[in-house]
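Welcome! Here are a few exercises to work through with the structure open beside you. Try each task before you read its solution.

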Amino acid sequence: MPSFALGEPIPPDTAHAVSVSLPTWKSNVGYEEGQEWVVNRMVTGYPRFFIHKSVDSLAREIVAVYGQVGHHSMLFPTPGAAARCLDFIKQRSPIDASTHLGSVHLVLDTTKPSSQLLRQLRPRLSAVLFPQQSYAVAKQYWQHTGDGISSRRAEFCLGLLSDGMLVPSSGPQAGLETQTRPTRGPRRYQRQASLDTSLPNTTKLVGPGSTDDSRESGKFLEERFGRNLDLALVERAKSAIRRRIAGSLTQEVDLTHELPTPDVGSNTRGLQSLEEHDVYLFPAGMNAIFHAHRALLAARGQLKSISFGFPYVDSLKILEKFGPGCIFYGNGSSEDLDDLEEVLRSGERFLGFFCEFPGNPLLSCPDLNRIKKLADEYDFAVVVDETIGTFANINVLPVADVVVSSLTKIFSGDSNVMGGSAIINPESRYYDSLKKTMNQGIYEDAYWAEDIIVMERNSRDFAARIERINTNAETICEVLRKSSLIKNLFYPKFNASKSHYDAHRLSGGGYGGLLSIVFNFRAQAEAFYDAVDIAKGPSLGTNFTLCSPYVLLAHYQELQWAAQYGVDADLVRISVGLENTEALRVAIQAALQAAGAVGHSSDVSVSDDQR
């Protein structure tokens, strides 16, 4: 259980890792404050917060070809995502900045020789171009929505762009408004084209190494991709993932053979009418939440939503920034439900009720049975994020209209690919309207083929891994509960809301792999974190145990706001993995011993006004 050097990917030597090593408490603070000794060593980071270097390289190349001096670019898999980003920037940027926006949509140049493999893949890319003043706003859109491209797509498209095989599209998809024309970039990239126009067939991108070596690299690109991915398997991989999420595929499968015919009405979700096509796949978990919200707005109209319980940071931002807003019940308590019921009785109506089960990082669970009764009586949709509980432990679909999950977490486990899912409950009163809106424009098939293949492979032993993780987490909890250093331990089995969790726990299901602790003093939390001999960085649900001062990372600029909902700035979150149980016990005990050796105060790492 080694720890890793500052800024290195977790797992190490993983090109598409979704976590990064922040091995000390001080390095987490340094990251949040943008201190050079931290940020200059960052090889990677969590993809919605840190622009992967492959994505950044591709964005720079596109700006060089199509942008103006001083332009930046955000990259998206579809024109629709780019259009939404443009709208977001226009609404929030200074007036002078919002008038200097552009977009370009790149597709495979079908006039050039290419393999059937490449044509079937239909690589595409949409870039939003904007001035420096709009960068922070554009980055917000990227982070909140999960609409951005993956690093694997970026690598592949960068190779195609360099070989002149990606060109601006013409036709309906190129119809986005463009406020400015690009100036020509470096001479090696000069083109006789403007944004959103197609190039003459004779036009050739003069890119780096655009000689016979370039053609050879293009050939290598296709051959490499072909070896790693048989396109005949992509649709089967999607199907296998959807069936696993629906609970109708529980055994491991070989994608080189046809998938077994699912038993009609047989799944672990307990709904006989649930079918594979009710499961939608997205490039990220937050993207699933974003599009579930969009679908509800399209199906039910412009109504406010309810955010219930202390939420993951971007879940709340989506409800606040896209659409008419929301009301927020940060404690997620029975008293909050009482207050909501009074509001509903007064005549106010809502779009949807969004919650996590359990929540992050306090692992508390709302009373879904009571919520379902209120939803039936007062006509609002219930959207439950089951990422932390996982559908191997709990079944919340019968009391929800939509269930979302981040597949990036324990469903994958390997911390090397992003993904998300949304299930529309076929027994929901909103089923027909939601299916219609999803299938007629809200849902875009934006999940990159390589990511799909990796996700399917990673998820084959999902159920078996959960059993080990449940056991390890409970073992760690027992060690922590005996320590006099711990002021609060948050875990579904020991929380006051245990009965709410148990109401939806599967037979044989456990309490998951996530727990949080608060020490008596900050110095103890810092010492424990610095000493614990496990991986330390953002994300959760990894096959290896991963520790984070979560509140510092997620809410550094709003620590006082978080504290009013019982979320302590010094909270330490542990995502438990598959390691040897005894080895984990020893590592936690050793870190507790280090925490016990410090005094009650230390150098202040978080300023008093931020607390």
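## Exercise 1: Strands in a sheet

In this predicted model, strand β12 (residues 402-406) and strand β13 (residues 420-424) run antiparallel and are joined by five bridges.

Solution. Next, widen the view to the open sheet of seven strands, whose order is β7-β13-β12-β11-β10-β8-β9, with mixed pairing. At the edges lie β7 (279-282) and β9 (326-329), each of which pairs on one side only.

## Exercise 2: Two helices

Work out how helix α13 (residues 334-345) and helix α14 (residues 368-378) pack.

Solution. First, take the angle, which is about 5°, and the distance between the axes, 12 Å. Angles under 35 degrees count as roughly parallel, so α13 and α14 are roughly parallel to each other. Then find the residues that meet: S334, L337, D338, E341, L344 and R345 from α13, and R370, I371, L374 and Y378 from α14. Sorted by kind, the residues of this contact are five nonpolar, one polar and four charged.

## Exercise 3: One alanine

Is A299 buried or exposed, or in between?

Solution. Begin by locating A299 in helix α11 (residues 285-300). Its relative accessible area is 27%, so A299 is partly exposed. Now check its surroundings: leaving aside residues up to four places away in sequence, A299 touches S433, L434 and T437. Lastly, the C-alpha atoms of A299 and M438 are separated by 9.2 Å, with the two residues 139 residues apart along the chain.

Notes:
Residues are numbered from 1 along each chain as its sequence is written. This is a predicted model: local features need pLDDT of at least 70, side-chain atom pairs count only at pLDDT 80 or more; totals for chains, interfaces and linings use all residues. Side-chain values use heavy atoms; hydrogens and water are left out. Axes are lines fitted to C-alpha atoms, for helices over the stretch in contact, and angles run from 0 to 180 degrees between N-to-C directions. Helices (H or I, at least four residues) and strands (E, at least two) are DSSP runs, numbered from the N terminus. Angles under 35 degrees count as roughly parallel, over 145 as roughly antiparallel, 65 to 115 as roughly perpendicular and the rest as oblique. Contact means heavy atoms within 4.5 Å. Ala, Val, Leu, Ile, Met, Phe, Trp, Tyr, Cys and Pro count as nonpolar, Asp, Glu, Lys and Arg as charged, and the others, Gly among them, as polar. Two strands pair if DSSP finds at least two bridges between them. Buried means under 20% relative accessible area, exposed over 50%, partly exposed in between (1.4 Å probe, protein chains only).
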